[in-house]
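Hi everyone, thanks for coming. Let me put a model up on the screen, and then we can walk through it together.

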Amino acid sequence: MDSADEIDEGGQVLHFEGDFFGHYTEEDFEWPDNHGVVEGDKDADESSDEEVVFDGEIGWEPAVLNAPDVGEQDSEQESLADQYHQEARAHHQNTRDAAEARLGHASPYITHFPLPTAGAPVSGPSEMPHEHIYEGYSQKIAGSENIYAPFESKLDFDIALWAKMRGSGSTAFTDLLAIDNVHDHLGLSYKSSHELNNIIDKKLPTGRPQFRRQEIVVAGEAFDVYFRDVVECVKALYEDLEFAPYLVFVPERHYADKDKTMRLYHDMHTGKWWWRTQQEIEKEKPGATIIPIILSSDKTQVTVFGNKTAYPVYMTIGNIPKDIRRKPSRHAHILLAYLPTTRLEHIKNQASQRRTITNLFHACMGHILEPLKSAGEDGLHMRSGDGITHHGHPLLACYVGDYPEQILVSGTMTGECPKCNVPNSELGSKDALFKPQDLESILAALNIADEDPIGFAEHCAELRIKPIQHPFWQGLLKSNIFHAITPDVLHQLYQGLVKHMIAWIKSAFGEAEIDARCRRLPPNHNIRIFNKGISSLARVSGAEHNQICRFLLGVIINIPLPNNISSAKLVRALRGLLDFLYLAQYPCHSAETLQLLDEALTRFHDNKDIFVTLGIRMQFNLPKLHSYWHYLHMIQEYGTTDNYNTEYTERLHIDLAKDAYRATNHKDEYSQMTLWLERQEKILRHASYVHWRLAGDPLPQSHLPPDMQYAREYKMTKHPSVKAATIDSLRDDYGASFFRAALARYIVLHTRPDATTRAQVEHAAGHVYIPFTSLPIFHKVRYNAVDSAGHKDESVTVDSVHCQPARRDKQGNTVPGRFDTVLVNCGNGGEKSVEGYRVAQVRVIFSIPEKHHASLFPSHILIPKHLAYIEWFSPFTGTSERNHGMHKVSRLYENGEQLVSIISVKDIRRSVHLIPKFGRSAPRDWTSSNVLELCREFFVSPFTDRHTYATIY
C-alpha cells in the first residue's frame, strides 16, 4: 500500500499544485449557469468495492406545486434581527476558533493530587513481594513449559478459540470433527464440543468470578437472580494484565494553558468528582485508591420473534481509560447479573404491580451490591496485573441507563427529572430554577420505612419519590444516586429530542417535500441516501437518526412554511440542537467548549416557540429536553459523555445476552447462558496469557487527552482499478473534458519557474508534448485515522473518495457514475476552520507512468505517485450564513467552461458533502447521481462526521 508519507514533494514544487495563474477575485470568473446538464441518469448508493445491485432511487412522487423561487424568505422587517444573528454567527465562529485551538494540545499542563499517599502502592515490611498476575496463572496449568497448555499445540488452541468465539454452534463443531480424518489430520486434543468444554471447565483456571443463582423473595413470591460477587468482579477487571499499563490510580487536573486557567475534561480522573471524593477519603483513610464503579442496566429482547427478554446488568471501573472501556473487543465490561424479567401479570392492580416490580429490582440490586458497602468503607487490597498492590475503595460513581431505567433506579416519578427538583410544568423552560435532589431528606424518609410505614409513604409523597422498600443505593458510601445518573446521548438526544424534531419538521414542511430532497442528496462515504425518503421509516434506530442528522438542516433550507411564516427561527432552533448534539459528543472539553455547549442549548430554546406558532406543539415539558441542562455539570464532574454512553452497553447486549441466548436450547436458559459466558471468558483469558508468554508485558502508557486534531492519512490500492485508460475515455466516461490541457499546465508549473503569469503558463502549456495516450486509473481513495502519537489504524476506513464512471452490475442494470466532492488544501490550510481550503469535485485519480517522468520533468523534481483531476467550486466566504451557519459554494466557470486543475492527492484533506440549494421545491429531474451537475449552488455540510464538524465552521 502507498501512503501519504511515501510522497515527498522535496520542496522543489509549489506548495499547492493547481492552476492558479496569479491572484484572482470571484468577479474574474462567471457565476454558474446551466452547464453540463446530464439527462436520464439514475443513481445507486455505492458504499464499497463490492458489486452494487442498483435499485431505482426515485419512484412515483406527488406533483410539484408551481411557486416562484423567492430565495431567502426573510422580510425587510426582519433586517435588524438578521443583522443581530449575522453578528452572533460571526462571534460564534471567532469563539469556536479560539476554543478549538486550545483543544489541539497533545500534552496538557497537569496539576497532580497534592497528597502523595493518594493512590500510592501498599508498602511495608510485612508486605509480600510483588507477583505478576500470570505467574500465578502459569502455576495452575499443568505442563506450563508448553505455552498453549492444556492444549497440545498452537493449532489445537487456535481452533478451540475459534470454536468458542466464532464457531457456528456446538453441534455443528462436533459434526465437523466427526468427518473422517479431520481430527487426526489436525492433531486436536478433543473430538467433540463436549470434550473441548471439559478441557475448558476442568483445566483452565477461572479468571472472572462464576455466576451464582439466588432466590429473592418479594411480596411473598420467589424470583431467581443470576449474579456474580461484585467485589470479585472489580478485582477481575483491576488485575487484568491487558489493562495494567493504562490503569489510573489518582485524580488529576488537566489544563490547556501554562497558567492553568483553562480546565480540560476528558477521562473520568480529570473530573471534579474523583478529586473531591479523594480529598474526603484521604481525611479518613490515607493511602486510598478510589475505584469508581460504573453500572448499567437495560432490559433487552433476545428473540427476533416473540417477547423473550433478558435483563443484564453490566459493570466496569473508571480506572480503565474510556478509550478501552468503550471498545467491546477489549472486554472492559463485566456482565454482573441477569435480573428477573417477570411482568407479575398475576397482580391485577396496575399500581401494585408497578410497585412490586420496582421493589423486586431494588431487592435484587441491593443483594448484588451489598458487598460494596463494607469494601467501600474499609477498603481492600487490590493487585493490578503487573503485581503491584493498592488499597482500593470501590465506590458507586455512575449509573448508566435510558430514562425508564433512570426513573426505576432513582425512585423518582415518571415524567419528572431523576436528578433535580424542577417542577414538571417547567421542564421545557430555559429559565427554570432547580436544585439537585435532597439526598439527606430522602434518606431520612427511607430510614423510617420499617418503623412508620404511613409516615414513610407521606414523606415520600412530599419529596416526590416512590415509596421503595430499601433502595439498593441506601447505605452505599460516598454515593449519591441522583448525582450518579449520567447523560445518555443515545436515548436523550438521538432517540429523544432529535426524534421529536424530525417529526415536528415533517409536520411543518410536509413529508413529500422532505422525502423528495432526501432522495436527491449526492452520495458520500459518511452519508446514507434514503432512496425512499425518511417519512416511511418504522422503528427508527439511533443509528438512523444519527444519519438523518447529517443532512437534515440542509434539506429544509428555503422550504416555505404555511401562511408565509418565516422559517428563520425553525432553522436556528435546529442548528442549535445539532450544535448541542455534536458538541456534547466531544471526547475532550474545555471551559470554552462547555460554554459553546450552553450557548447552543440556549439558541434552541430561544427559537423553539416557532413550533407553537405553527400549532405543532403546545409546550415543551419533556424530561429529556430538560436533561440537557445537566450535561455541562456532569462533564465537569465525570468527564466527557463517552465515559458513560448507553450506546456501548447496547452493543454488549449482542454479545452477552442475545448471542448467549441463541447458544442455549431455550430451556432453563439462564444457567446455560452463564456457563456459555464463563467458558468464553476462560478461553479469552488464556489467549491473553498466551500473548503475554509470546510478547511479554505491555509498555506503560501516559494518560493524555484524546486527540482533537483528527489527523488522517490516505491509502491507495497497490494496483490501479484500470491499468490503462485512454485519455479519450477520461473525457467521455469520467467527464475530464480538459485533461490534456490541465496536465500540460501542471507540467509547466513544475518545470518552468520563469512562467509567472497566466499568459506565460498558457503559452508554455501549448508546447508541452504528452508522450502517452493511456494512464493507470484509481477509483477510490481511502483514509485512516492517525492519532497524536502517529499510530495509524488501517483496520477502519474513516473516509473515502470515489471517482468511478457508470457501469453495469451483475444483473445488467446500469449503476450511475460517482464523482465525490472533496476539501482541498490550497497550501495554507490548518487543522481547524475552512481558511486555506477550497471545495472541488474529483473526476480522475491517476498516476503518470514512471517511464515518462524523465521526458516530462527534471530529475531533481519528485513527482507525486497519485494525482487528481478536479473541478473547482467558489472560495469560502469569511462568514457562514446567519441562520443555518453553513457555507455556500458554487461551481467556477471561465468563458463558459469549468475551471479545472491537477493536484496531488496529498492535498485532498477529506471528502465533503454538498447539499443542493433546492429552492422552494426540489426539481423532479434532479437525482442523487446528477444533482452535482444540475444544481447551481450548494451548502457545505459540517455534520457528516465529528471531523467535519471540527473543521468546517
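Predicted model: local features only at pLDDT ≥ 70, side-chain atom pairs only at ≥ 80, totals over all residues.

Residues are numbered from 1 along each chain as its sequence is written, and side-chain values use heavy atoms, with hydrogens and water left out.

Let's start inside. By nonpolar core I mean a set of buried Ala, Val, Leu, Ile, Met, Phe, Trp, Tyr and Cys residues joined through side-chain atoms within 4.5 Å. Buried is under 20% relative accessible area, exposed is over 50%, and partly exposed is in between, using a 1.4 Å probe and protein chains only. Which residues have the most contacts inside the largest core? They are Phe551 and Leu570, in a core of 104 residues. Setting aside residues up to four places away in sequence, Leu570 touches Ile505, Ala508, Phe509, Ile556, Leu561, Ile610, Phe611 and Leu614, where contact means heavy atoms within 4.5 Å. A second, separate core has 59 residues, including Leu339 and Phe482.

Now, is Gln547 buried or exposed? Gln547 is buried, because its relative accessible area is 17%. You'll find Gln547 in helix H17, residues 542-549; helices are DSSP runs (H or I) of at least four residues, strands (E) of at least two, both numbered from the N terminus. Beyond its neighbours within four places in sequence, Gln547 contacts Asn526, Ile527, Arg528 and Phe530.

Over to the strands, which pair if DSSP finds at least two bridges between them. E2 (109-112) runs antiparallel to E5 (252-255) over four bridges, with Thr111 opposite Arg253. E5 also pairs with E6 (263-265), again antiparallel, over two bridges.

Finally, salt bridges: a side-chain nitrogen of Lys or Arg within 4 Å of a carboxyl oxygen of Asp or Glu. The whole structure has 38 of them. In one, Arg758 meets Glu894, with the closest N and O atoms 1.8 Å apart. Arg758 sits in helix H28 (758-765) and Glu894 in strand E27 (893-894), so the pair ties together parts 136 residues apart in sequence. Glu894 counts as buried because its relative accessibility is 17%, while Arg758, at 27%, is partly exposed. There is also a network of salt bridges linking Lys322, Asp323, Arg326 and Asp642.
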